[in-house]
Amino acid sequence: MSETATESTAPEGGQPAESGAAEPAGDAPLGAAGEKALAEWKQRAKAAERESKAHAARLQELEDRDKSDVQKATEKATAAEQRAAAMAQRAAKAEVRALAAATFADPSDAAAFLDLSEFVDDTGDIDSKGIEKALADLLKRKPHLGKEAAPPSFDGGARTTAGAPTDMNALIRSKAGLG
């Protein structure tokens, strides 16, 4: 497939079109030939990505062949430590979001404003009490992050229906003990 050059869209005289000129709101449809070309390029991109991954795996295999067992074990341990640290950070972020859900308008804001590494110790445990204190302090410093108070209710309480109206005859009968 050959590549084509793009044509200039400037009107005659070499001046670019004014920005106030009417332009289409969205992209023009590609048409059958354009759709076919787009599909072909997508297919080529996927093939190139697969090939790149295969080359990277082969390169890693060649590099690993020349390493000693100690080097391989050290790299595996380093990778495992990095994964464990990332999991601890995710857990701390989830804890912050969970605790902030009750008081913050957007719990992810709380996670963005706090340093999550402060709440994870060396063993990977998360300090929930410390998170609660930090969230309370954050709300004091930035009250606009908190949930808005609910507007007052002008409902006036529950409604009851009025009892059946009593007529004079029923009132006389009840006073006379007749019914």
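**View 1. Burial and surface of the chain.** Of the chain's 179 residues, 11% count as buried, where buried means under 20% relative accessible area with a 1.4 Å probe and protein chains only. The model is predicted: local features need pLDDT of at least 70 and side-chain atom pairs pLDDT 80 or more, whereas totals for chains, interfaces and linings use all residues. Residues are numbered from 1 along each chain as its sequence is written, and side-chain values use heavy atoms, with hydrogens and water left out.

**View 2. Secondary structure and contacts of the chain.** The chain holds five helices and zero strands, in the order α-α-α-α-α from the N terminus. Helices are DSSP runs (H or I) of at least four residues and strands (E) of at least two, numbered from the N terminus. Among contacts (heavy atoms within 4.5 Å) between residues at least 6 apart in sequence, 58% join residues at least 24 apart.

**View 3. Crossing of α2 and α4.** The axes of α2 (residues 69-100) and α4 (residues 128-141) come within 10 Å and cross at roughly 55 degrees. Axes are lines fitted to C-alpha atoms over the stretch in contact, with angles from 0 to 180 degrees between N-to-C directions.

**View 4. Residues where α2 meets α4.** From α2, E95, V96, L99 and A100 meet S128, I131, E132 and L135 of α4. The residues of this contact comprise five nonpolar, one polar and two charged; Ala, Val, Leu, Ile, Met, Phe, Trp, Tyr, Cys and Pro count as nonpolar, Asp, Glu, Lys and Arg as charged, and the others, Gly among them, as polar.

Notes:
Buried means under 20% relative accessible area, exposed over 50%, partly exposed in between (1.4 Å probe, protein chains only).
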